[in-house]
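Please look at the structure before reading the answers.

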Amino acid sequence: MGKFAVLDHPLIQHKLTLIRDKKVGTKAFRETVNEISALMAYEVSRDMPLEDVEVETPITTTTQKQLSGKKVAIVPILRAGLGMVDGMTSLIPAAKVGFIGMYRDEETLKPHEYFVKLPGDIAERQLFVVDPMLATGGSAIMAIDALKKRGCSGENIKFACLVAAPEGVKALQEAHPDVDIFTAALDDHLNENGYIVPGLGDAGDRLFGTK
């Protein structure tokens, strides 16, 4: 079973509380999501592989650690996942970005894939799939399905979100038990409309100022 982690760093928790407030406008919401995403990237990348390298300091020659060259791709689930990309790439600037477009049928609550655009070597990369919300889990499951169909291994996929519902975590773990899940908060439940409670509303609408 993949790892499940709630990232309870005080800065992450504080910033998440700020954007739960319905009075926060688009600009502040977007900026704070970026900040949380950068802090989450620090935690999600914790087990990236290292290798030894010899460097010459002003004092002596020494063997130290550097990233072993495992290439990274950040894959936002459109459209709300876009809000987490800049924060992630601020910490991992060499990462490539792929895109998986999903929309949710408002009646059935089921996701539908409408767009996939990925780096050509996607199967060789460490993948961070990002979406602010893990609600029913449907979009995350379908996005990871799309990656696995293109040769990606679940061991190379990490899913990161801001807020998760227990129902979504359970569904994603059952569908993709080899994928690690990281969230800034595990909320209480889903309501009858498929929204996370207490949640933070519709992340896409709040990021982009739409209704």
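Proline 198 has its place in the loop between β13 (196–197) and α6. The peptide bond leading from valine 197 to proline 198 is cis, with omega near 0°. This is a predicted model, in which local features need pLDDT of at least 70, side-chain atom pairs count only at pLDDT 80 or more, and totals for chains, interfaces and linings use all residues. Residues are numbered from 1 along each chain as its sequence is written, and side-chain values use heavy atoms, with hydrogens and water left out.

Q: What kind of peptide bond runs from leucine 78 to arginine 79?
A: The bond from leucine 78 to arginine 79 is cis, with omega near 0°. Arginine 79 belongs to the loop between β4 and α3 (85–91); helices (H or I, at least four residues) and strands (E, at least two) are DSSP runs, numbered from the N terminus.

Q: Why is α1 called roughly antiparallel to α2?
A: The axes of helix α1 (residues 10–20) and helix α2 (residues 26–44) come within 10 Å and cross at roughly 160°. Axes are lines fitted to C-alpha atoms, for helices over the stretch in contact, and angles run from 0 to 180 degrees between N-to-C directions. Angles under 35 degrees count as roughly parallel, over 145 as roughly antiparallel, 65 to 115 as roughly perpendicular and the rest as oblique. Therefore α1 is roughly antiparallel to α2.

Q: Which residues make the contact of α1 with α2?
A: Contact means heavy atoms within 4.5 Å. From α1 come Leu11, Ile12, Lys15, Leu16 and Ile19, and from α2 come Phe29, Thr32, Val33, Glu35, Ile36, Leu39 and Met40. By class, this contact has 9 nonpolar, 1 polar and 2 charged residues; Ala, Val, Leu, Ile, Met, Phe, Trp, Tyr, Cys and Pro count as nonpolar, Asp, Glu, Lys and Arg as charged, and the others, Gly among them, as polar.

Q: What makes α4 roughly parallel to α5?
A: α4 and helix α5 (residues 166–175) pack at an angle of about 25°, with their axes 9 Å apart. That angle therefore makes α4 roughly parallel to α5. The contact joins Ala140, Ile141 and Ile144 of α4 to Ala171, Leu172 and Ala175 of α5. By class, the contact of α4 with α5 has 6 nonpolar, no polar and no charged residues.

Q: Where is serine 139 found, and with which residues is it in contact beyond its neighbours within four places in sequence?
A: Serine 139 is part of helix α4. Leaving aside those neighbours, serine 139 is in contact with Ile77, Met102 and Pro111. The C-alpha atoms of serine 139 and histidine 112 are separated by 7.8 Å, although these residues are 27 residues apart along the chain.

Q: Which residues lie nearest the centre of the largest pocket?
A: On a 1 Å grid over the protein atoms alone, a pocket is an open set of points with protein on both sides within 12 Å along at least five of seven lines, where a 1.4 Å probe fits; lining residues have an atom within 4 Å of a point. The largest pocket is lined by 28 residues, and Arg104, Asp131, Met133, Ser139 and Asp202 lie nearest its centre. By class, its lining has 16 nonpolar, 7 polar and 5 charged residues.
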